[in-house]
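This briefing is meant for someone meeting the structure for the first time. Please look over the sequence and the model below before reading on.

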Amino acid sequence: MSEKILDIKDLSIRYVTEEETVLAVNGISFSLDKGESIGLVGETGAGKTTTALGIMGLVPDPPGEITSGTIEFEGENLLEYPEKKMREIRGGKISMIFQDPMTSLNPVMPVGDQIREVVLLHNNVSKAEARSRAEEMLEQVGIPKERYDDYPHQFSGGMKQRVIIAIALACSPELLIADEPTTALDVTIQAQVLQLMKALRTQYQTSMILITHDLGVVAKICNKVAVVYAGQIIESGTLKDIYTNKQHPYTIGLFNSLPDIEHETSELKVIKGLVPDPSNLPKGCKFNPRCPYCTPECCENEVEMTALSDTHSVRCIHVGEFDREA
Amino acid sequence: MAEILRVEELTKYFNTKSGLLHAVDGVTFSVEEGKTLGIVGESGCGKSTLGRVILHLHERTSGKILFNGEDISEVNAQKLHALRKDMQIIFQDPYASLNPRMTVGNIIAEPLKNYKLTKSKEESEKKVREMMDIVGLADRTYNLYPHELDGGRRQRIGIARALILDPKLVVCDEPVSALDVSIQAQVLNLLMELQKDRGLTYLFITHNLSVVKHISDDITVMYLGQMVEKAESNEIFRHQYHPYTKALISAIPVPKYNAPDNQIILKGEITSPINVGKSCRFAARCPYAKENCFNTEPVLEEVTKDHFVKCHYVKEINGF
């Protein structure tokens, strides 16, 4: 069962401009087994999307540069691949769903052809075969194949996102990276899309990286979670570890700041302050300016990950010392 | 409690090339002073149009708007100017709703200038700085431009601008949708605090159900321009009687481990609001729809005390 498909070690990515150096990703490590699905959770600017672009080999260079780390996919380091080989991988073995379904489709090309294009590119098939594969994919995501020749503007937001899912899955990828796949959608449509993604994952054993800020969406379709803050993973574990035994003050704060739909609360508990500026990160623990349990030690040295169990790790020197319910 | 706003059978149709678009269709409700009415629905249900029609940012097609007991359905420019002092709006997008070429201080001072409420520059500046303090904007941001601030702070500028005239009613159109969760919580707390201190009345328009539950006293659910269910906030989360509300609430992904998976997945998507016929507008997606639903429009009726539902078969579905 546990066949490792992706293994990222100590990945760091920065953007260098004339004015400043933005440290977007600072030593991220995680791995993923076949059929597993990990949720990368964090707020705007945490470095989630840059991590995904790193895996896809799409970090714009310049200004972006990968300063350290390895990304092993099926045992080979993607960072050593030449561009030509990466092109074969992208859309084939690894594909990505971008956040905005409105802008990631070509407006002057029928949607069916956009799916067929990927099939033709990665498989040695005839145009007719590729078309029937594209039609099959449309049906699979719940769009009648009669709409093959329609253009993106003739579809609603939810349907466009399904077309994008169809494109991403057309070559049966080993790894699917979904960057906020449902953020632009309404709740009832989001429910449809999540159900679809979950079904496809079980059917094809596709591994998945889900990038989101929505802890509810993660609970629905992931089995592992990594909480990202200022370009670092500050807590990681199984869904159960994170949702029932969260340890990092940021993770706790994040859950507390959600309005609870099941209970009545008067005031939301907030995390004070703002996400730090990635061009000017604080010394020591990156969360220290906002942390209610911060001590002088937290502001001195870099904090390492501490393993609490085989699956659960946290980046905090005071773990277990404070009252988590407070 | 005094009723501050009442709308009766309010409609707004837009003429489009393909026909009449029923954006808001026969909406009736009232809000008491100091309370919050949450208006929930998905994109295209007419919730923003409703807020805008009340503020006369769009002119209504028919129906009545009463503010403080006075009929304001039709007002001239002069009256509207006076009215707007009491009715303000906070917009969804803190990036697009602020003039990028004005400083924070000038943006917030603009309404004061507009209404000639201050005698001198110094007085206006003092008022602006006080307001900035109230909404939690640091004094040093006074001379900054919007692009130098993050989304949460920008939304605070929008709030300060709306509140500097001391309005009675504030329409909040998705004020936290563009913000990160930790910032969203800060802004929600601020809005609730301001309401308590100043006795504000909010019309809170959003698609986010957990946010609306948190802030509202009463909730109205809209579907294709019409109200389909209305009740007190906690009541509606305990008992949903309309099939659409049931699906909407069950579709919220709960951030809990092993949350029970009892989602109702609706088929299809929101249908077109153009040239709607005499039918229940939800019928095409409703799991309980019968022939009758496609031929006659149901009425909004009170099923339990203060709980209104617009559905022919509400009794059968819910086993009353």
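Predicted model: local features only at pLDDT ≥ 70, side-chain atom pairs only at ≥ 80, totals over all residues.

## Overview

Chain A holds 9 helices and 12 strands.

**Overall form of chain A**

- Taken along the principal axes, the box filled by the C-alpha atoms of chain A is roughly 65 × 50 × 45 Å.
- Of the 326 residues in chain A, 55% count as buried.

**Helix 5 and helix 6 of chain A**

- The axes of helix 5 (residues 157–169) and helix 6 (residues 187–204) of chain A come within 10 Å of each other and cross at roughly 15 degrees; because angles under 35 degrees count as roughly parallel, helix 5 of chain A is roughly parallel to helix 6 of chain A.
- The crossing in which helix 5 of chain A passes helix 6 of chain A is right-handed.
- On the side of helix 5 of chain A, the residues that meet the partner helix are A:G158, A:R162, A:I165 and A:L169, while helix 6 of chain A contributes A:I189, A:Q192, A:V193, A:L196, A:M197 and A:L200.
- Sorted by class, the residues in this contact between helix 5 and helix 6 of chain A are 7 nonpolar, 2 polar and 1 charged.

**Helix 5 and helix 6 of chain B**

- In chain B, the axes of helix 5 (residues 151–163) and helix 6 (residues 181–198) come within 10 Å and cross at roughly 15 degrees, and these two helices of chain B are therefore roughly parallel to each other.
- Helix 5 of chain B passes helix 6 of chain B in a crossing that is right-handed.
- The contact is formed by B:G152, B:R156, B:I159 and B:L163 from helix 5 of chain B, together with B:I183, B:Q186, B:V187, B:L190, B:L191, B:L194 and B:R198 from helix 6 of chain B.
- The residues of this contact between helix 5 and helix 6 of chain B comprise 7 nonpolar, 2 polar and 2 charged.

- Just after helix 3 of chain B comes B:K116, which takes a positive phi of about 45 degrees.
- B:A162 has its place in helix 5 of chain B, and with a relative accessibility of 1% B:A162 counts as buried.
- When neighbours within four places in sequence are left aside, B:A162 is in contact with B:Q88, B:I89, B:I90 and B:P167.
- B:A162 and B:V303 are separated by 141 residues in sequence and by 37 Å in space, C-alpha to C-alpha.

**Backbone geometry in loops**

- Most residues other than glycine have a negative phi, and most peptide bonds are trans.
- The peptide bond from A:D61 to A:P62 is cis, with omega near -10 degrees, and A:P62 is found in the loop between helix 1 (48–56) and strand 4 (64–73) of chain A.
- A:P62 and A:P63 are joined by a cis peptide bond with omega of about 5 degrees, and A:P63 lies in the loop between helix 1 and strand 4 of chain A.
- B:N68, a residue other than glycine, has a positive phi near 55 degrees; B:N68 sits in the loop between strand 4 (62–67) and strand 5 (70–71) of chain B, and at 42% relative accessibility B:N68 counts as partly exposed.
- B:D306 is not a glycine, although its phi is positive at about 60 degrees; B:D306 belongs to the loop between strand 11 (300–304) and strand 12 (307–310) of chain B, and with a relative accessible area of 44% B:D306 is partly exposed.

**The residue A:G45**

- A:G45 lies in the loop between strand 3 (37–41) and helix 1 of chain A, and with a relative accessible area of 51% A:G45 is exposed.
- In sequence A:G45 and A:D277 are 232 residues apart, whereas in space they are 8.5 Å apart, C-alpha to C-alpha.

Definitions and conventions: Residues numbered from 1 in each chain as written. Chains lettered and ligands numbered in written order. Heavy atoms only, no water. Axes fitted to C-alpha atoms, helices over the stretch in contact; angles between N-to-C directions. Helix = DSSP H or I, 4+ residues; strand = E, 2+ residues; numbered from the N terminus. Parallel < 35°, antiparallel > 145°, perpendicular 65-115°, else oblique. Left-handed = near helix turned anticlockwise from the far one by under 90°. Contact = heavy atoms within 4.5 Å. Nonpolar A, V, L, I, M, F, W, Y, C, P; charged D, E, K, R; others polar. Buried < 20%, exposed > 50% of the residue type's maximum accessible area, 1.4 Å probe, protein only.
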